[in-house]
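Have it open while you read.

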Amino acid sequence: MNQKATNRIKLTFLGTGTSQGVPVITCPCDVCHSSDEKDKRMRSSVLIQIADINLVIDTGPDFRQQMLKNNITSLQAVILTHEHVDHLFGLDDIRPFNWVHKKPMDIYAEKRVETAIKRIFDYVFANDRYPGIPQMNLCEVKNEPFYIHNIKIIPIRGYHHKLPVFGYRIGNVAYITDVNLIPEEEQKKLEGLDVLIINALHHKKHISHFNLEQALALSEKLAPKKTYFTHISHTMGKHAEIQKQLPNTIFLACDNLQITVPF
C-alpha cells in the first residue's frame, strides 16, 4: 500500500437502486421515464479506494457494468452484506480480476452467506472444475473487526426483517443497506462518523427496509457530518424533487457519485 496516500477514502456509489433497479421493467411512472441520469439506478454497491487498495461492497447483477463504467482494473477484495440476489449474483464476473492478479479473489462474508455462495456457485467448488471458472477464497466475517491489507473494517449487525445482515465501518465512513433495524448496541459503533450511508427505500413503511422517515430519524440520532441515502426505489420520487426536501447535510446518493473522506 502507498503509505503517502492513506489519509483519504475515496468512495464511489456504483449503484443506488433496489433489487429491480431503476427504471423498472414495464413501469410507466415518471421516475422510470425520467431523462435525469440521477434517476437511473443500478443495484446497490460501493467501491472503496484507499491508496492502491480497491474494495467492493456487494456484487449484484450489475457488477460487470459497474466495473466497466468506472474503469476498475484492479480489485483486492469483495465484502458482502448478505446473500440476496441483488447483492450477490455478479460474483461470477470476478474472473477477469483472477486473470489479472493471478490468484483467487478474497470474498469476505459471514458463514451463512458462505454457505449460500457454495450452493449458488457450486461449480466454483466442484471437485472436477471447468477451466476458466471464477476463483474464490472465502474469508469468514464474524461480528468483530477484521483487516484487509491493514485496513480495519468493523461489521455492523442489522436486520433485514428477520435476516441478519452486516453493514461495515471503515474509518469514519459506514455503509449499511437492506436493514429496518439496527440494535442499540450496534448503533454505538456508528458514533463520530464523517459519513453515514444508509438505505432509504421510499416513503411508506416497509417490512425489511428503512423508509425515508426512519432513515432521517436515524441520521438525526447518530448525527454524522453527512448522510447519504441508498437502495432507493422508483416510488421514492425524482431525485431533484426529493433532494430539495432534505436537510443540507443529507443527500440522496446517485450512481457514480464520488465522495472523499479523511482516513
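1. Ground rules. This is a predicted model, with local features needing pLDDT of at least 70, side-chain atom pairs counting only at pLDDT 80 or more, and totals for chains, interfaces and linings using all residues. Residues are numbered from 1 along each chain as its sequence is written, and side-chain values use heavy atoms, leaving out hydrogens and water. Helices (H or I, at least four residues) and strands (E, at least two) are DSSP runs, numbered from the N terminus.

2. The open sheet. Seven strands line up as β6-β5-β4-β3-β2-β1-β14, with mixed pairing; two strands count as paired if DSSP finds at least two bridges between them. β6 (136-140) and β14 (258-262) sit at the edges with a single partner strand each, so one side of each has no neighbour in the sheet. From one strand to the next the twist averages 25 degrees (axes are lines fitted to C-alpha atoms, for helices over the stretch in contact, and angles run from 0 to 180 degrees between N-to-C directions). Within the sheet, β1 (residues 8-15) and β2 (residues 45-50) run antiparallel and are joined by five bridges, and Thr-12 has Leu-47 of β2 as its bridge partner.

3. A helix on the sheet. α4 (residues 111-120) lies across β5 (105-109) and β6, at about 155 degrees to β6.

4. β7 (residues 146-148) pairs with β8 in the antiparallel sense over three bridges, and in their hairpin, with two residues between the strands, His-149 has a positive phi near 50 degrees. β8 also pairs antiparallel with β9 (residues 163-170), over seven bridges. That hairpin too has two residues between its strands, and His-161 in the turn takes a positive phi of about 60 degrees.

5. Cores. The largest nonpolar core has 29 residues, with Leu-55 and Ile-153 making the most contacts inside it. Such a core is a set of buried Ala, Val, Leu, Ile, Met, Phe, Trp, Tyr and Cys residues joined through side-chain atoms within 4.5 Å. A second, separate core of 24 residues includes Ile-156, Val-165, Ala-174 and Ile-182.

6. Glu-83. Have a look at this one, in the loop between β4 (77-79) and α2 (85-88). Is Glu-83 buried or exposed? At 16% relative accessibility, Glu-83 counts as buried. Its side chain makes a polar contact with that of Arg-112 (2.7 Å); the term covers a pair of N or O atoms within 3.5 Å, where within protein one must be able to donate a hydrogen and the other to accept it, and residues adjacent in sequence count only if both atoms are side-chain atoms.

7. Helix α6. In α6 (residues 212-222), the buried residues are Leu-212, Ala-215, Leu-218, Ser-219 and Leu-222. Seen down the axis, they fall within an arc of 125 degrees, so they line one face of the helix (the arc is that of the directions from the helix axis to the C-beta atoms). Exposed Glu-213 and Glu-220 are on the face turned away from the buried side. Ala-223, with a positive phi near 55 degrees, follows the helix.

Terms used. Buried < 20%, exposed > 50% of the residue type's maximum accessible area, 1.4 Å probe, protein only. Contact = heavy atoms within 4.5 Å.
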